[in-house]
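Here's a quick tour for anyone meeting this structure for the first time. Have a look at the sequence and the 3D view, then read on.

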Amino acid sequence: MKFGVSSLCSIAVVTSSILLSSFASAADNNEGIVVYNAQHENLVQSWVDGFTKETGIKVTLRNGGDSELGNQLVQEGSASPADVFLTENSPAMVLVDNAKLFAPLDADTLAQVAPAYRPDHGRWIGIAARSTVFVYNPAKLSEAQLPKSLMDLAKPEWKGRWAASPSGADFQAIVSAVLALKGEKATLDWLKAMKTNFVAYKGNSTVMKAVNADQIDGGVIYHYYRFVDQAKTGENSKNTQLHYFKHQDPGAFVSISGGGVLASSKHQQQAQAFVKWVTGKSGQDILRTNNAFEYAVGNNAASNPKLVPLKDLDAPKVEPSSLNSKKVIDLMTEAGLL
């Protein structure tokens, strides 16, 4: 059977409508809330299981990427079936917030997380965090040879010696921090030098595997990729170590995973309760034991003991709401990275 272009478009629209209706009906029939989730599925499933067990409120997850779901929420607007949005990195939260789609979070929820891990305006909140690191092969690089700053990777001596995954939301969040800390001109200059110096891989885990396999000296990733692999067989990380830049360097940026309640949600009370639970003691305790190896951000919450403590990372102070994903994409495109 052959379909014309108009027929295919109609099919796509109908399919999309059916999908959205299925998510909407889950909430409208008092079956709970719908969460658009861009965080790690196993971590969020642990949160969902604990929340539902404690409250009896059912949660339907729709999993996807930061940019994918953030842009979808903007496109759906007030018609979205989503009640809550969770991300790995904060630029996607800023995208949705700039579209004025979030409801203010309850004061009790905001009080559970220190100001460093949530924006001042209170329309979304940090739910977990991850540290930028330089993963390297100690057979290739001694400690004395490691870059002192993320910005050093723009120097000629690093040409062909480091890797990153520029198309991913993780690396784009790191560039957002560079933009916030160094300004537009310095960021663009760094990105242009990066285009000359680095080797592109798809995904942080692929970067780590390349370093482990002696294909490249080092790479910029988030910390937890190595911890997750080490907790399994360690076969993809046995020849690597992590270098923490510290000294409030852009390379010490701590990226905040966010959570927010959609203003269009028809289940405000349940949605607010979910975000409060995730950022409260029960939700944050899961980060201490879950194999995602992400940092807990709740007040007095302990992270996995294998991690370098958050306070020892000496991360730069970056207002989460200032991270501009659209500008970063424009700059990375201008530099030839996207």
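A heads-up before anything else: this is a predicted model.

**Where α2 meets α11**

- Helix α2 covers residues 41-55 and helix α11 covers residues 281-289; the two pack at an angle of about 145°, and their axes are 10 Å apart.
- On the α2 side, the contact is made by Leu 43, Ser 46, Trp 47 and Glu 54.
- On the α11 side, the partners are Ser 282, Gly 283, Ile 286 and Leu 287.
- Sorted by class, this contact of α2 with α11 has 4 nonpolar, 3 polar and 1 charged residues.

**The nonpolar cores**

- The largest nonpolar core has 85 residues, and the ones that touch the most other members are Phe 134, Trp 162 and Phe 274.
- Strand β4 (residues 125-136) gives the most to this core, putting in 8 residues.
- Take Phe 274: setting aside neighbours within four places in sequence, this residue is in contact with Ile 33, Val 35, Val 48, Phe 51, Val 59, Val 84 and Leu 86.
- There's also another core lying apart from that one, made of 16 residues, with Tyr 36, Phe 85, Ala 92 and Val 94 among them.

**Helix α3**

- Which residues of α3 (residues 66-76) are buried? They are Asp 66, Leu 69, Gly 70, Gln 72, Leu 73 and Glu 76.
- Look down the axis of α3 and those buried residues fall within an arc of 160°, so they line one face of the helix.
- Just after α3 comes Gly 77, which takes a positive phi of about 60°.

**Helix α12**

- In α12, which runs over residues 325-334, the buried residues include Ser 325, Val 328, Leu 331 and Met 332.
- Why do these four count as being on the same side of α12? Because they cover an arc of only 125° around the axis.
- Turn to the face pointing away from the buried side of α12 and you'll find the exposed residues Lys 326 and Glu 334.
- As for what covers the buried residues of α12, that includes α4 (91-98), α6 (169-182) and α7 (184-197).
- Just after α12, Gly 336 takes a positive phi of about 85°.

How values were computed:
Residues numbered from 1 in each chain as written. Predicted model: local features only at pLDDT ≥ 70, side-chain atom pairs only at ≥ 80, totals over all residues. Heavy atoms only, no water. Buried < 20%, exposed > 50% of the residue type's maximum accessible area, 1.4 Å probe, protein only. Arc of directions from axis to C-beta. Axes fitted to C-alpha atoms, helices over the stretch in contact; angles between N-to-C directions. Contact = heavy atoms within 4.5 Å. Nonpolar A, V, L, I, M, F, W, Y, C, P; charged D, E, K, R; others polar. Core = buried A, V, L, I, M, F, W, Y, C linked by side-chain atoms within 4.5 Å.
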